[in-house]
Amino acid sequence: MKSYFLQAIRGITHNKSRTFLTTLGIMIGIGTVIMVFSTGEGFKSYINSQIEMFGTNTITIETVVPASTKTRDAGDKADNANMDNNVANRAIPIKTFKNKDIQDIKNVANVKNAYGSAFGQEVVTYKDNSKTTLILGADASRFEIDKGVIEFGRPYTNEENSSLAQVAILGHTLAEDLFGDSDPLGELVRVGNYNFEVIGVYEPRGGLGSFDDEQIFIPITTLQKKILGTDYLGYGIVELIDGDKADSTSLDIQDVLRRNHDIDDPLKDDFSIKTQEQNMETFNVILSATTFLLIAIALISLVVGGVGVMNIMYVVVTERIGEIGLKKALGARNKDILYEFLIEAILLTLLGGIVGIISGSMLSFGVAKLAQNFGFAWKFSVPIYGIILSISISTMIGIVFGVFPAKNASKLNPIEALNKE
Amino acid sequence: MLIELKNITKEYDNSGVVTKVLRGVSLSVKEGEFLSIMGPSGSGKSTLMHIIGFLDRATDGTYLFDGENIKDFSDDELAYIRNERIGFVFQSFNLLARTSVLDNVILPLTYSKKKNHQELATKALEAVGLGNRLNFLSNQISGGQKQRVAIARALVCDPKVIFADEPTGNLDSKSGTTVMSILGKLNEEGRTIILVTHDRTVAEHANRIITIKDGEIISDEHNPNPRRSKIIEDPTDDIA
């Protein structure tokens, strides 16, 4: 076995520049695979940090049109059968999710805190500047859960929420749009028919939070009573004491909501509860699909690289035909020659793979540094499964594309091979 | 009898044109013989040696080696015989380029079950007077030395028979003489030597000379006084 390796190493060190060019395709392919995995991990860490910005260990409650209702609708019109959940949500507002639900959820075991929230849309005006923007209403608990930082001013209080106070906190971009360089604190902005006092301005959030930068934040009761004229919530965020128990807590919250909403049939649930992990999963599905696509593209490069290796191995067999004849004359069996060439091909692709892993890692490190320079919370890591996969792929390519030239070499008739030199 | 050929024929079929290279060769070689096969080029002497040396198979006829019919041997068994029981010396040396003298001699050992490769190869190189050239690269030594490395390589697995195909063909006369004297010495030690040559003086080192022409043996003579050359010191041996 050792001698096969020695012969193979002798082969690939014989013509170094050709070895390099032969393995280039494999290097690029494996480099791409590593980059896709590594930047994928980096992107995941970034998304994770973004999701955690809205609170760690949280559960999201959204209102949904009950499955049973949708089925009934679909029965009437076949076209509606594929009706998208979101479309359905917008078409039929669910009015059952109330502030009382949030209060009850706060009493569930393992729940640390919770807030209910609703959205509205209004024109916000300050002097000559006006902007149509989303209004987010939430109770004061939001400031304890959400990781957004108020740059100037203060959050509103529970008392202000109960007393329908007309106070507002502006997203960073919105504040700039309305006030330019002047100080918004204490100024009045018009939201619909009401004047609101600006009591705070958020720091810019960027990334997934950039929507927040353009919004205005007011107490939920003020939004419901004065602007929307409703008494229900759009969604709720629940903060947990122990994130590991998210699943069982979700079930407890489900019980509370079913009891409050008089639901006895799970098909009639008018809410959906998602843990942070489930939210991450949705993202991971998208990331996996993207990763899969990119890996598929990298595989094309690897196949092309493999064909290159095969071509060169055929050339090498022809070049060394005399040597093969000699080895056979000296007692090499067919399988000795087969293994020598096969191992040479595997070493070639493995070498390309290793260089690919190193260069791919270096490139992803560059991407991570670049992202960090732009302020993204991007972690650099090369996942071990990526390295294992890369090494297995390059070995496999060596076997698949090396076996035909190696078989050719092993089947040579010794005397014909000797005479050809 | 070590080697027994009965009515061996060899034909080459080149897209329908059949060339008869050997037309029924019968020959017996005893263990310990020094046999020269002579003949002009194209006579079939090399083809005959390739068949006796298990590098090629006959079209027809019987070949018994040590009493066994080689027709029944698989490719792997033939490889085993080439490795363990015979050794080859070629006209153009056929050493691995950019490889040390020692590694060249080790090469056949890597295909055998023998152990102590370094030791056996060193011993074989010492036997041909190249004990001081172990780590030279094959392209750093003279032609005569190359052929001696090739003899050491043929010798290293301790074979019964050594086949030499025009071993002096690419050498100057001094180096050629040295090579022939080494082969003569190996024969005296009991090894069977089968030599192919077109050169009468080289052939006369053997104690039996057969002449082949147009694929047939035309003479088989006993040589009672084989030529014995003294080993001439290769002047390049001293250049370190």
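**Loop residue A:Leu164**

I began with A:Leu164, which I found in the loop between α7 (158–162) and β5 (167–170) of chain A, where helices (H or I, at least four residues) and strands (E, at least two) are DSSP runs numbered from the N terminus. The model is a predicted one, in which local features need pLDDT of at least 70 and side-chain atom pairs count only at pLDDT 80 or more, while totals for chains, interfaces and linings use all residues. Residues are numbered from 1 along each chain as its sequence is written, and chains are lettered from A and ligands numbered from 1 in the order in which they are written.

I noted that phi of A:Leu164 is near 55°, a positive value in a residue other than glycine. I looked this up because most residues other than glycine have a negative phi. A:Leu164 has 15 other C-beta atoms within 10 Å and is therefore partly exposed; a residue is buried if 20 or more other C-beta atoms lie within 10 Å of its own, exposed if 12 or fewer, and partly exposed in between, with C-beta atoms placed from the backbone.

**Loop residue B:Phe93**

I then turned to B:Phe93, which has a positive phi of about 65° although it is not a glycine, and which sits in the loop between β6 (86–89) and α3 of chain B. B:Phe93 counts as buried because it has 21 C-beta neighbours inside 10 Å.

**Strands of chain B**

For β6(B) I recorded that both faces are covered, with B:Ile86 and B:Phe88 buried on one side and B:Gly87 and B:Val89 buried on the other. Four bridges join β6(B) to the parallel strand β7 (residues 161–165) of chain B, and B:Gly87 stands opposite B:Ile162 in β7(B); two strands pair if DSSP finds at least two bridges between them.

I also traced an open sheet of four strands in chain B, in the order β2-β1-β4-β5 and with antiparallel pairing. β2 (17–29) and β5 (68–69) of chain B stand at the edges with a single partner strand each, so one side of each is left without a neighbour in the sheet. Strand β4 (residues 60–65) of chain B pairs with β5(B) in the antiparallel sense over two bridges, and there B:Phe65 stands opposite B:Glu68.

**Helix α3 of chain B**

I checked helix α3 (residues 101–110) of chain B for burial and found that 10 of its 10 residues are buried.

Which residues of α4(B) does α3(B) meet? I listed B:Val101, B:Leu102, B:Val105, B:Ile106 and B:Leu109 in α3(B) as meeting B:His117, B:Leu120, B:Ala121, B:Ala124 and B:Leu125 in α4(B). By class, this contact has nine nonpolar, one polar and no charged residues, where Ala, Val, Leu, Ile, Met, Phe, Trp, Tyr, Cys and Pro count as nonpolar, Asp, Glu, Lys and Arg as charged, and the others, Gly among them, as polar.

The axes of α3(B) and α4(B) come within 9 Å and cross at roughly 115°, the axes being lines fitted to C-alpha atoms, for helices over the stretch in contact, and angles running from 0 to 180 degrees between N-to-C directions.

**Contact between the chains**

I noted that the contact takes 18 residues from chain B and 13 residues from chain A. On the side of chain B that touches chain A, the elements giving two or more residues are α2 and α3 of chain B, and the largest share, seven residues, comes from α2(B). By class, that side of chain B has eight nonpolar, five polar and five charged residues.

I looked up A:Lys327, which lies in helix α13 (residues 321–329) of chain A. Is A:Lys327 buried or exposed? A:Lys327 counts as buried because it has 28 C-beta neighbours inside 10 Å. Leaving aside its neighbours within four places in sequence, A:Lys327 is in contact with A:Ala332 and A:Ile337.

α10(A) is followed by A:Gly229, whose phi is positive, near 70°.

Notes. Contact = placed C-beta atoms within 7 Å.
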